[in-house]
Amino acid sequence: MIMDGTTMDVGAVGALRRIKNAIGVAQKVLEYTTHTLLVGESATKFAESMGFINEDLSTNTSQALHSACLARNCQPNYLRDVIPDSSKYCRPYKPKTHSILKQDDPTYQEKGDNYGHDTIGMVVIHKTGHTAAGTSTNGIKFEIPGRIGDSPIPGSGAYADDTAGAAAATGDGDILMHFLPSYQAVEYMRSGEDPTIACQKVILRIQKRFPNFFGAVICANVTGSYGAACNKLPTFTQFSFMVFNSLKHQPSEEKVDCI
């Protein structure tokens, strides 16, 4: 997704197949449609109409991961409460019958490959105060086909508003999107919070319900101040991000300790 903080326009795509430059397609949605989010095969057809190449994006690495997953009875996966047991068998699955009043354990532990996400989030503040934000991601490995995470959701993956600032999030999108962290960070800055404090308050808010979630937030206000925060886990204690100041012409890497 990409969001223009001046006009509040958003362009986004989800479950996009066989198109490499996803955020480029999102920009075309913003520029050439009055829609916000296109998904699936229809998003691919739109991309083709905009001149993007439909191509096989499989690699030797991805094919090897897929083969290994099948050999492990489709492990890891993200199914629950299904028949047959998703920890032992591959699909097709059917839902188990259970009470609609069933309460899930609020303690969350991510499956998969030790937080190996590839989301890129960016926030941009122009010297005139104009803002923009965007995200691009390949999604988590072994996700259920059709799954869409937080990245293309306005207010979740990213958010921008010239009256306050811009923010972006990364981590477990299935948890993050419940809390609209990017929108919340911008709203904290709108109320006068320093960007670092705004990001920390977002993380703490999620942490109360999901203490073991994997995630981080970056944000910047319209004056150019910026900050970041992350949720501390045994294997995730610091979050690194890049800062580029056009006046210095040199990007710098910064780190924050997770809370």
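Mentor: Begin with accessibility. Buried means under 20% relative accessible area, exposed means over 50%, and partly exposed lies in between. Keep in mind that this is a predicted model.

Trainee: Is Glu 143 buried, partly exposed or exposed?

Mentor: Glu 143 has a relative accessible area of 27%, so Glu 143 is partly exposed.

Trainee: And which class does Arg 147 fall into?

Mentor: Arg 147 is at 19% relative accessibility, so Arg 147 counts as buried. The cut-off for buried is under 20%.

Trainee: How do I read a salt bridge?

Mentor: Look for a side-chain nitrogen of Lys or Arg within 4 Å of a carboxyl oxygen of Asp or Glu. The whole structure holds 6 salt bridges. In one of them, the side chains of Glu 143 and Arg 147 meet, at 3.1 Å from N to O.

Trainee: What is the N to O distance between Asp 174 and Arg 147?

Mentor: The closest N and O atoms of that salt bridge are 3.0 Å apart. This pair links distant parts of the chain, 27 residues apart. Asp 174 sits in helix 4 (residues 173-176), and Arg 147 in the loop between strand 7 and strand 8. Asp 174 has a relative accessible area of 30%, so Asp 174 is partly exposed.

Trainee: Which residues are linked in a network of salt bridges?

Mentor: Glu 143, Arg 147 and Asp 174 form that network.

Trainee: What else does Arg 147 touch, leaving out residues up to four places away in sequence?

Mentor: Arg 147 touches Gly 139, Ile 140, Asp 172, Gly 173 and Asp 174 on that count.

Trainee: Which residues does the UniProt "binding site" annotation cover?

Mentor: The unreviewed UniProt entry lists Arg 147, Ile 148, Gly 149, Asp 150, Thr 170, Gly 171, Asp 172 and Gly 173. Of these, Thr 170 is included in the lining of the second largest pocket.

Trainee: Where is Thr 170 found?

Mentor: Thr 170 is in strand 9 (residues 165-171). Thr 170 counts as buried because its relative accessibility is 17%. Beyond four places in sequence, Thr 170 has contacts that include Thr 119, Phe 214 and Phe 239.

Trainee: Please show me another salt bridge.

Mentor: Take Arg 18 and Glu 41, with closest N and O atoms 2.8 Å apart. The two are 23 residues apart, with Glu 41 in helix 2 (residues 40-49). Arg 18 counts as partly exposed at 32% relative accessibility. Glu 41 also counts as partly exposed, at 40%.

Terms used:
Residues are numbered from 1 along each chain as its sequence is written. This is a predicted model: local features need pLDDT of at least 70, side-chain atom pairs count only at pLDDT 80 or more; totals for chains, interfaces and linings use all residues. Side-chain values use heavy atoms; hydrogens and water are left out. UniProt positions are given in the numbering used here, feature names are shortened, and annotations may be inferred rather than shown by experiment. On a 1 Å grid over the protein atoms alone, a cavity is a set of points where a 1.4 Å probe fits but cannot get out, and a pocket is an open set with protein on both sides within 12 Å along at least five of seven lines; lining residues have an atom within 4 Å of a point. Buried means under 20% relative accessible area, exposed over 50%, partly exposed in between (1.4 Å probe, protein chains only). Contact means heavy atoms within 4.5 Å. Helices (H or I, at least four residues) and strands (E, at least two) are DSSP runs, numbered from the N terminus.
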